[in-house]
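Visitor: I'd like a walk through this model, one interface at a time. Could you show it to me first?

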Amino acid sequence: MIAGGVRVLNVGLPLIVDGVDPDAVVQLDWRPPAFGDADAARLMASLDTERTAEANDRAVTAMHAVRPQLTSIRPAREVVPGLAEGRLLLHAGPPIEVERMCGPMLGALMGAAVFEGWAADGDQARALLESGEIAVAPCHHHQAVGPMAGVVAPSMPVVVVEDGGRQAFASLNEGLGKVLRFGAYDDEVITRLRWMREVLGPVLDAALRRSGPIDITSLVAQALMMGDEGHNRNVAATSLFARRLGPAIAVEESGTEVLGFLAGNDHFMLNVSMAAAKLATDAAVGIADSTVVTAMSRNGVEFGLRVAGTGEQWFTAPVGPADGLFFPGYSIEDANPDLGDSAITETLGVGGFAMAASPAITQFVGGTPDDALATTRSMRRITVRPHPAYSIPSLNFTGTPSGIDVLKVLDTGVLPVINTGIAHRLAGIGQIGAGIVTAPPEVFQQAVRGLADRRSTV
Amino acid sequence: MSSADALSVRVFPRLYRDSVTLMALAASAQKADGVVRVGAVMATPANLAILAEAGMLPEGLAASPDDLIISVRATDETAADAALDVAEAGLSAQDAGTGERVEVLPQTLAEGLAVDATCTVAAVSTPGTYAPVVVEQALRRGLHVFCFSDNVSVADEVRLKRMAAERNLLLMGPDCGTAILDGTPLGFANAVRPGPIAMIAASGTGAQEVSCLLDAAGAGVSQIIGVGGRDLSEDVGGLTTNVALDLVLADPGTEVVVLVSKPASPAVADALLARLGSVGRPVVACLLGLEDSDGAVTVRGTLEGGAAAAASAVGLELATTSGTPEPPPATLSARGVVGLYTGGTLASEAKVILGRADVAAEILDLGDDKYTAGRPHPMIDPSARAEHVEAAGSRADVGLLLVDLVIGHGAAADPATPLADAVRAARAAAERDGRTLVVVGSVCGTAADPQGIDGQRAILREAGVLLFASNAAAVRYAVACASQPPGSQADRQEELS
Amino acid sequence: MIPVVPAPSHPFRAAYDVERAVLSALRIVHVGQSSALLEAHRGPAAGPRAGVLVPVTWSDRGLAPGGFALTPHDGLRVRRLLLATDPGSALLDLSRWLDASGATPVDLRMAPLRIDPAATGRLALLLAGGEEPTGTDPALDARVQRALAPALADAVVQDQEARVHRLAQRLIGAGPGATPAGDDVLLGTLAALHAADRAGTATDRAHRGRAALVTVVTDGLARTTAASRHDLAAALGGSFAERAHRMTAAITDVHAVGPAYDDALGWGATSGVDFLHGLASTAQALLGHWQNRLPATA
């Protein structure tokens, strides 16, 4: 009568299947779903339909089909929508009022205002920001991303990645130490920014024109084979980038200076691969009925989540500091709450999701290679399917888990793992460590409600 | 223990590990070659005494409560030491790692299906709050559902049963206790022989009684599909019953269909009977309390009547109705008849038969929430009923006691013994007061059940219980006794001997 | 070097009986998935507080007597910090935690509770259905201790002092687990007794029986592990971990039985179920004391 024979999935008491042949039983280690929120669990079950599965398939296919090319490095005002006129600065994370911003973000915005010549000093910059004469907006609202404070100002050079007429942008990485993205804006920082605007940007742009666009997907894929995980470790990717563009840079005036800068900045490629990840995940934004995550981002106060089926809506929850290993002399006491758009890399399936590729990073954040493998495996439980381009040797060359499904996160209770740098809570001190954070459960509980609202109004 | 045995012990001073780790440690050491016994416990005085008693503690070993002690008995010293090495490695591995636990069992329905995509039925016994979530997930993945969980709202039941019906899937329950699908028992069910009769049941013990009577008659069961107690209510409207009918009518192994339920909503019953009348094969509707009638559908008001009609549809006769002579009615020393039941539907059947004969009686369903007070269900913990039985022995107004005994998967391992002890005590108490307590009953079960019906019957018979082949037959005998004029003590002694 | 653990960044809870005196020099005993066990320094100057435990818990683990409960996020932070700290030499200072504005004190004493017959019945049914072997060796199986629970409950409720002594001594520190199974059975027993006693539903006899149990357990504390001793000592004073409070709901509310049982399965290897055995047996004994009558009619 039962097509396929009676084979039982037992959800609960073993007593129920006492009389059943053990070979015909799969016993579940069931736990209450949705982090114990029964209403969210019901919505999760109601959205778990064929329609959702098809939409998620479309969303992930769209994300994986994007092949971002690094084509040029241009001043932001030329290319980033909305920056051509007026006084607008972009920042990392979901939207936030100036009054609520954390130290590093406010410092970075103040520094950017001084850099643009809109203010004579920090105090004046702060007044202009607080009065709204200088407007602020999230990078994500302008096809851009930025690590840590993520500040983009109109005259800063940005990387331009493109695929089929779509574009995404990111600032250039300044290196470690006293840098704007950690909220520092003294003369040293401003001087470096000017050099980047006047020398680094133009030289790299010219070199790119000479050598032709760079395929970022294949460059990142190669770097994963070389021990990067694509978020906290970028030394392989940066080396590949410098090697690829080196000859073209060398012939430029000031080329040696630029090569020297690249040689001293292990993280240069992070911003480029973030822009590439943003371009890829943006391909899924607005795909109706899809429960795939399109952005995870932190502004130093809140964690923000965006989901394909709810378009540009943010789901937010308070965020705390990352814990991990601290540089000598610092402790978690000094740490700022988690910050930056860089979790876009995990959104696509690298960074924390590619831990298995990077035994070196495991040591950096505390743990063993076994932990790294376990982390990547557990991310499989909450994603749609492996990324076809990002295969990992230690996982028998299967791809990294990609396409976080809100429903799977709620069903399993497994939260996305994010590798992150840790900023000092005071503006300008810089990076003081690195570690692992998980997204807060609340944003997924909110997201399923948002998705259900959207579904019921269609 | 042979003299070739070796005992090795290691003590880890002031070592704290969580219980799960200790358990895993012992289990891994146990798997090593040549290992006979393993103990991994905290070295408290009580545990040292337990180890000493088990011959797993060398003399003179000193340890304090916060030490971890691992003791291994093996075929030889090398094996014992090797096992201890395994255990110790487990301890230090814990030190090095971050202690993340490796996932072994699948956790969610989707993960379960990823492990084995051939699953066809989900059995759900989660807390009621989450049962609708899991049931919905299962239905959306095309699984039939056996839902043991209760505390599910009627609104959820209707919504999910509609969803199941659209997909032509069975949603058995919520609060479904019994099913046999293609020979596989789920929940509380008996080991009945396979055969041509399918049962669709809104009542668990009702289905058990009918299936066991058919088994005894040599007829077998193709399917038992539980539908949940509310399926034939106005609100639910027989949603699962209709899907179940579609399935059994398409089942090549089914020739006769039996419906078992306590009285249903009249509107739902009418619609169902109309459908049953035109299915083109014998249908018996066993609806407790209804008048017996023969038409397109054979309607029977008792479980036994339903079982008899189903048996006769396949050319067999029930032992209880085939003319086996029943003992002459006993003369009761008091007119009171009390029934102490563990099976709810069996109690209902008793009330129907007694009511038809106009015999007044107290019939208690001790599985009902109001009597399980402070105790497990009496089918699982038979001692709950024993007290009621004993107490009945000292009631001067009680002349006859009716009992049932339900065995099978899920029931207690030996429910007969506590009942037999209680019956002995009750009868002795009555005897001391110069009365005789007549105890009458039946056992619902089969020879193939884990408890075995013959052994259980023998235990009851030895205690003086008059056993009948069905609950209905036992009740009929009670009716006959209660209808007799009260007689002398001597008459009774003679009849019972 | 004394690494200083900073105050948690999110609102957190502190047991009302957490002892400030022990917080300034703590040693790491164990770091688990959802809890860490710290212990007052046993150094020369430690005095009588040496060895007092401070359980720090997070996620769904709930607050334990004398401890702190953190948000999952802070828990993860603290866990990583502790894992990176050398347990042998480092001493931690949590004293600032009590001063932190985010600290909410929580009273963990068992509230007066009305024992519900239907809930108790359902709990006993669930427990009867789940009796799997719990260890690799029959002598070290938690079922040995669980089987003593009904007898102990009966002896307490009947105030049979000698029997209470004999049974309690067989339970203290006995059985598998870091908190031996027998101790968890005792905790469950004490929880039910406290609940009934404070509700005024325990008979005088049961009240006296409880006093006898308290005496014998107090005398036996040295016979078990530090973790167990901590829990038992708190229970003797009427305080229980939040987890135990959640479990105790299983004898007061029929709807709490399923969740409590699920919860219990996740508590240690056997501890949660051991606790429920003590709890259910005692609740049954207390109920039986005034409910053991035949219903007159249907």
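Guide: Here it is, and keep in mind that this is a predicted model. Let's start with polar contacts between chain B and chain C, where both residues of a pair sit at pLDDT 80 or more. The count there is five residue pairs.

Visitor: And how many salt bridges are there between chain B and chain C?

Guide: One example joins the side chains of B:Asp150 and C:Arg122, at 3.5 Å from N to O. That is inside the 4 Å cut-off for a salt bridge. The count for chain B and chain C is two salt bridges.

Visitor: Which element of chain B gives the largest share of the side that touches chain C?

Guide: Elements with two or more residues on that side are helix H1 (19-30), S2, helix H2 (45-53), strand S16 (362-365) and helix H12 (383-393) of chain B. The largest share is seven residues, and it comes from H1(B).

Visitor: What is the make-up of that side of chain B by class?

Guide: The contact takes 50 residues from chain B and 59 residues from chain C. On the chain B side, the classes come out as 25 nonpolar, twelve polar and 13 charged residues.

Visitor: What area is buried between chain B and chain C?

Guide: Carbon and sulfur atoms give 58% of that area. The total buried between chain B and chain C is about 4,000 Å².

Visitor: Let's zoom in on B:Arg37. Is B:Arg37 buried or exposed?

Guide: B:Arg37 lies in strand S2 (residues 35-42) of chain B. Its relative accessible area is 19%, and the cut-off for buried is under 20%. So B:Arg37 counts as buried.

Visitor: Which residues of chain C is B:Arg37 in contact with?

Guide: Within chain B, a polar atom of the B:Arg37 side chain lies 3.5 Å from the backbone oxygen of B:Ala54. Leaving aside neighbours within four places in sequence, the contacts of B:Arg37 in chain B include B:Gln30, B:Met56 and B:Ser71. From chain C, the contacts are C:Asp137, C:Pro138 and C:Ala139.

Visitor: Now chain C and chain A. Which helix of chain C gives the most to the side that touches chain A?

Guide: The contact takes 15 residues from chain C and twelve residues from chain A, and the area buried is about 1,100 Å². The count of salt bridges is zero. Helix H1 (72-83), helix H3 (117-129) and helix H11 (257-265) of chain C each supply at least two residues. The one that gives the most, with six residues, is H1(C).

Visitor: Inside chain B, how many salt bridges cross the interface of domain 2 and domain 3?

Guide: In chain B, domain 2 covers 176-321 and domain 3 covers 336-496, with C-alpha centres 26 Å apart. B:Glu304 forms a salt bridge with B:Arg476, with the closest N and O atoms 2.6 Å apart. Across the interface of the two domains, the rule finds two salt bridges.

Visitor: Which element gives the most to the side of domain 2 of chain B that touches domain 3 of chain B?

Guide: The two domains bury about 2,000 Å² between them, and the rule finds 14 residue pairs in polar contact, both residues at pLDDT 80 or more. Strand S8 (184-187), helix H7 (204-216) and helix H10 (303-313) of chain B each supply at least two residues of the domain 2 side. Giving the most, with seven residues, is H7(B).

Notes. Residues numbered from 1 in each chain as written. Chains lettered and ligands numbered in written order. Predicted model: local features only at pLDDT ≥ 70, side-chain atom pairs only at ≥ 80, totals over all residues. Heavy atoms only, no water. Contact = heavy atoms within 4.5 Å. Buried area = accessible area lost by both parts, 1.4 Å probe. Helix = DSSP H or I, 4+ residues; strand = E, 2+ residues; numbered from the N terminus. Buried < 20%, exposed > 50% of the residue type's maximum accessible area, 1.4 Å probe, protein only. Polar contact = N/O pair within 3.5 Å; in protein donor to acceptor, adjacent residues only side chain to side chain. Nonpolar A, V, L, I, M, F, W, Y, C, P; charged D, E, K, R; others polar. Domains from an automatic or database assignment.
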